[in-house]
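Please look over the protein shown here. The paragraphs after it go from its overall division to single residues.

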Amino acid sequence: MRRYSAFAIAREALRHHTGWGRAWKAASPKRRYDVVIVGAGGHGLATAYWLGKNHGITNVAVLEKGWLGGGNTGRNTTIIRSNYLQDPSAALYEKSRSLYETMSQDLNYNVMYSPRGVLMLAQTEHEVRGYLRTAHANKLQGVDTRFLSAREVKEICPILNIEGPRYPVLGGLWQPRAGTARHDAVAWGYARACSDMGMDIIEQCEVTGVIRDGDKATGVDTTRGHIDCGKLGIVVAGHSGRLAEMSGFRLPVESVPLQALVSEPIKPCMDIVVMANTVHGYMSQSDKGEMVIGGGTDSYNAYTQRGSFHHIEETVRALVETFPMISRLKMLRQWGGIVDMTGDRSPILSKTPVEGIFINCGWGTGGFKATPGSGWAFAELMAKGHSPLAEAFSMDRFRQGRFIDESVAAGVAH
Ligand SMILES: Cc1cc2nc3c(=O)[nH]c(=O)nc-3n(C[C@H](O)[C@H](O)[C@H](O)COP(=O)(O)OP(=O)(O)OC[C@H]3O[C@@H](n4cnc5c(N)ncnc54)[C@H](O)[C@@H]3O)c2cc1C
């Protein structure tokens with residue numbers, strides 16, 4: 001792989017940018033791989049990356065039915081934070097956040113990680129108590145957060161209306177090293193590094209069936225032919241239920257649309273991320289100046305990557321109340337993704353009832369922030385059969401009643 005650097009940019013500028021190679025090679029499927037990963041979103045690609053980097057397993061294919069990063073990875077609002085309540089979640093999300101800090105250097109790819117700070121508003125007494133509890137828990141877990149008063153909230157984000165008529169701001173949970181990153185770049189950076197290790201990333205290759213020999217998986221049928229594999233990792237977010245059905249087991253997840261939208265670009269007015277969970281909306285400003293806005297999930301199950309108009313209306317109404325200055329902004333684009341929700345709002349990183357099949361799903365509305373850590377833990381689980389970071393997130397927890405309840409941290413937004 002040719003390294004990207006200031007020197008490379010200068011060299012290419014002098015020769016009219018004719019020397020840039022492909023970031024990753026367009027591979028065709030081989031007959032057999034040691035590991036096949038289904039889904040070239042951030043989590044699938046990060047898994048492949050850490051399989052190679054940490055465990056020396058490089059005979060790997062990542063199969064993608066559409067284009068790389070075209071699922072939720074390329075559709076999210078890019079919020080990264082680790083202020084979760086339960087110990088296993090804080091460990092996993094904080095590992096992830098810390099991997100984001102050095103990701104651009106590790107991948108030699110600028111993922112534009114911006115630790116600008118994330119503020120979660122407390123707008124009811126219940127939320128104040130909830131966030132105070134999270135701030136105390138985070139202190140014990142070594143996650144840097146603190147609870148701010150309403151006055152401090154206003155100082156950090158002057159465009160906020162803290163005296164709203166319905167839900168005045170009573171305080172907020174502040175994580176200064178949380179922030180955002182460029183979502184596509186995360187997928188592209190991992191793809192480039194995987195391709196450089198000799199792995200095959202195969203786009204336009206949908207898995208249509210899982211081949212089993214008794215209780216063991218031996219390969220997959222795809223729209224580009226049959227592929228044998230030693231181990232199979234399923235990392236398909238909203239389509240996890242369908243892949244589980246092909247494999248012969250059931251998952252406790254529901255697939256629902258989640259929407260986001262962006263405004264026309266405006267001058268810089270907000271240098272942090274604000275989430276207002278009570279009124280259901282959150283906002284940050286992109287480097288281009290667009291206000292990036294996200295809302296809640298639709299209340300029905302679906303596989304359409306769109307979403308409904310009434311949700312947009314609700315989200316915008318909530319944000320106009322919170323940030324009155326956006327009331328005359330024009331909205332430019334709206335889109336949706338299919339998110340995979342578990343009952344306790346925590347992910348599943350697990351072996352399955354079928355030998356050789358591993359599943360990584362259930363990230364729901366908030367998995368972008370977990371991309372590197374999820375890949376790290378899932379690769380370890382696939383390579384060694386166990387991973388300390390993934391241990392609490394096995395499928396068995398739903399049968400055993402060991403829920404990891406993150407509904408305060410992840411139930412509404414991200
Ligand atoms: C609108 C929106 C806003 C969000 N905002 C945030 C946020 O601010 N912060 C945050 O942390 N998270 C956020 N999320 C959640 C986050 O985007 C996801 O949790 C995360 O991106 C999931 O990554 P993934 O790699 O598991 O899934 P995906 O990126 O969806 O990748 C799965 C891939 O599998 C492929 N696939 C499916 N079926 C098959 C098949 N049969 N064969 C081959 N390939 C298949 C799909 O095409 C897809 O590319 C948001 C999500 C949405 C939709």
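The centres of domain 1 and domain 2, taken over C-alpha atoms, are 27 Å apart. Domain 1 consists of 28-82 + 84-109 + 183-252 + 344-410, and domain 2 of 118-178 + 255-342; these bounds come from an automatic or database domain assignment. This is a predicted model, in which local features need pLDDT of at least 70 and side-chain atom pairs count only at pLDDT 80 or more, while totals for chains, interfaces and linings use all residues. Residues are numbered from 1 along each chain as its sequence is written.

Where the domains meet, 30 residues of domain 1 are in contact with 24 residues of domain 2 (two residues are in contact if their C-beta atoms, placed from the backbone, lie within 7 Å). On the domain 1 side, two or more residues each come from β3 (79-80), α3 (87-101), α8 (240-247) and α12 (407-410). Helices (H or I, at least four residues) and strands (E, at least two) are DSSP runs, numbered from the N terminus. The largest share on this side is that of α3, with 4 residues. By class, the domain 1 side has 11 nonpolar, 12 polar and 7 charged residues; Ala, Val, Leu, Ile, Met, Phe, Trp, Tyr, Cys and Pro count as nonpolar, Asp, Glu, Lys and Arg as charged, and the others, Gly among them, as polar.

The protein as a whole has 12 helices and 18 strands. Its radius of gyration is 21 Å, close to the 22 Å that the globule rule gives for 414 residues, so the protein is as compact as a globular protein of that length (the radius is taken over C-alpha atoms, and the rule is 2.2 Å times the number of residues to the power 0.38). Along the principal axes, the C-alpha atoms fill a box of roughly 65 × 65 × 40 Å. Of the 414 residues, 50% are buried. A residue is buried if 20 or more other C-beta atoms, placed from the backbone, lie within 10 Å of its own, exposed if 12 or fewer do, and partly exposed in between. Among contacts between residues at least 6 apart in sequence, 75% join residues at least 24 apart.

Next comes a sheet. It is open and has 8 strands, in the order β5-β6-β4-β13-β14-β15-β12-β16, with mixed pairing; two strands pair if DSSP finds at least two bridges between them. At the edges are β5 (146-149) and β16 (331-342), each pairing on one side only. Strand β12 (residues 253-265) runs antiparallel to β16 and is joined to it by 11 bridges. In this pair, Val-262 stands opposite Arg-333 in β16.

Some loop residues remain. Asp-144 lies in the loop between α5 (125-141) and β5, and is partly exposed, with 15 C-beta neighbours inside 10 Å. Leaving aside neighbours within four places in sequence, Asp-144 is in contact with Gln-175, Pro-176 and Arg-177. The C-alpha atoms of Asp-144 and Pro-176 are separated by 7.4 Å, although the two residues are 32 apart along the chain.

Most residues other than glycine have a negative phi. His-17, in the loop between α1 (6-14) and β1 (32-38), has a positive phi near 55 degrees. His-17 is exposed, with 10 other C-beta atoms within 10 Å. Gln-204 also has a positive phi, near 55 degrees, and lies in the loop between β8 (200-202) and β9 (207-213). With 13 C-beta neighbours inside 10 Å, Gln-204 counts as partly exposed.
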